[in-house]
Amino acid sequence: MSELKQEQNLKQALATETKAQEASSSDILLELKGVSKIYETVNALQDINLTVRKNEWISVMGSSGSGKTTLMNIVGCMDKPSTGAVLLDGQDITKESQKSLTTIRREKIGLIFQQFHLIQFLTAVENVMVAQYYHSMPDEEEAMAALEKVGLKDRAKHLPSQLSGGEQQRVCIARALINNPELILADEPTGNLDEENEQMVIGILRRLHDEGATIMVVTHDPEVGDEADRKVVLDYGRIKEIVDLKALKQN
């Protein structure tokens with residue numbers, strides 16, 4: 001890429017982010033301010049500035065090693081940056097203890113992974129109820145409602161081994177939703193799925209977004225990435241560009 005093109009992309013990213021930052025503070029759910037992460041001599045993230053509004057769908061894309069997973073881990077309270085601040089609903093989570101981060105993650109964030117991480121000897125509904133157990137009190141009726149929301153009510157009593165990959169991922173989505181998180185984080189949610197199940201998961205995420213969910217999806221799949229309101233492209237730990245997909249779709 002030419003230096004001129006890089007400069008144009010950077011200007012576009014800065015302009016888009018400035019526009020986002022101008023939103024009312026009450027509309028902002030997540031802010032990253034000068035976030036960097038260094039592992040020994042590797043700069044995994046460098047000076048990341050990003051604002052995510054409530055009910056916004058952000059996709060994070062980039063080649064392998066671009067910093068996508070590191071960013072996901074920091075936003076998901078599973079790691080801390082070397083420098084910078086991360087504000088989740090106004091709270092600087094970089095200043096919290098590991099114990100507090102666990103509580104924040106449990107109460108405010110719904111995590112969806114590429115690997116399903118289901119407990120193999122528990123049924124689908126029991127896997128959803130496990131998330132309730134760590135948050136408040138297990139409630140089978142609520143867990144069943146969450147499974148119904150992802151189209152799996154009739155598979156509630158099945159073990160993971162009796163479910164397809166797409167069905168297991170939908171159990172994971174139900175589990176992520178059960179505690180009404182403020183932010184849904186999805187790391188390659190369609191990475192292990194065939195096209196039919198990928199479309200089903202995309203449809204569920206689209207419906208959740210229409211219902212008011214705030215979503216951040218890390219993906220290498222352009223089709224998934226282009227579903228978002230904005231697309232953040234990382235390159236060697238830096239923001240290469242931010243594309244306002246919502247504006248493009250409206251034009």
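Strands β9 (residues 230-235) and β10 (residues 238-244) pair up in the antiparallel sense, with six bridges between them. Here two strands count as paired if DSSP finds at least two bridges between them, while strands (E, at least two residues) and helices (H or I, at least four) are DSSP runs numbered from the N terminus. The model is a predicted one, so to speak of a local feature takes a pLDDT of at least 70 and side-chain atom pairs count only at pLDDT 80 or more, whereas totals for chains, interfaces and linings use all residues. Residues are numbered from 1 along each chain as its sequence is written, and side-chain values use heavy atoms, with hydrogens and water left out.

Back to the hairpin of β9 and β10: two residues sit between its strands, and Tyr-236 takes a positive phi near 50 degrees there. Arg-230 has Asp-244 as its bridge partner in β10. Arg-230 also turns up in a network of salt bridges, together with Arg-53 and Glu-56. A salt bridge here is a side-chain nitrogen of Lys or Arg within 4 Å of a carboxyl oxygen of Asp or Glu.

Glu-56 counts as buried because its relative accessibility is 3%, and Arg-53 counts as partly exposed because its relative accessible area is 26%. The classes are: buried, under 20% relative accessible area; exposed, over 50%; partly exposed, in between (1.4 Å probe, protein chains only).

Over the whole structure, the search finds nine salt bridges. One of them joins the side chains of Lys-37 and Asp-79, at 3.3 Å from N to O. This pair ties together distant parts of the chain, 42 residues apart: Lys-37 belongs to strand β1 (residues 28-39), and Asp-79 to the loop between α2 (68-75) and β4 (83-88). Lys-37 is buried, at 10% relative accessibility, while Asp-79 is partly exposed, at 22%. Another salt bridge links Glu-211 with Arg-207, the closest N and O atoms being 4.0 Å apart. Arg-207 is partly exposed, with a relative accessibility of 31%.

Strand β1 is also part of an open sheet of four strands, in the order β2-β1-β4-β5 and with antiparallel pairing. Its edges are β2 (42-53) and β5 (91-92), each of which pairs on one side only. Between β1 and β2, which run antiparallel, there are eight bridges. Tyr-39 finds its bridge partner in β2, namely Val-42.

Asp-194, Glu-195, Glu-196 and Glu-223 make up a negative patch. Patches are built from residues with over 30% relative accessible area and no salt bridge, joining like charges within 9 Å and nonpolar side chains (Val, Leu, Ile, Met, Phe, Trp, Tyr) within 5 Å. Asp and Glu count as negative and Lys and Arg as positive, with His and the chain ends not counted.

His-220 is placed in the loop between β8 (215-218) and α8. At 52% relative accessibility, His-220 counts as exposed. In sequence His-220 is 158 residues from Gly-62, yet in space the two are 6.7 Å apart, C-alpha to C-alpha.

Definitions and conventions. Areas by Shrake-Rupley, 256 points an atom, 1.4 Å probe, with all protein chains shown as cover. Charge placed at Lys NZ, Arg CZ, Asp CG, Glu CD.
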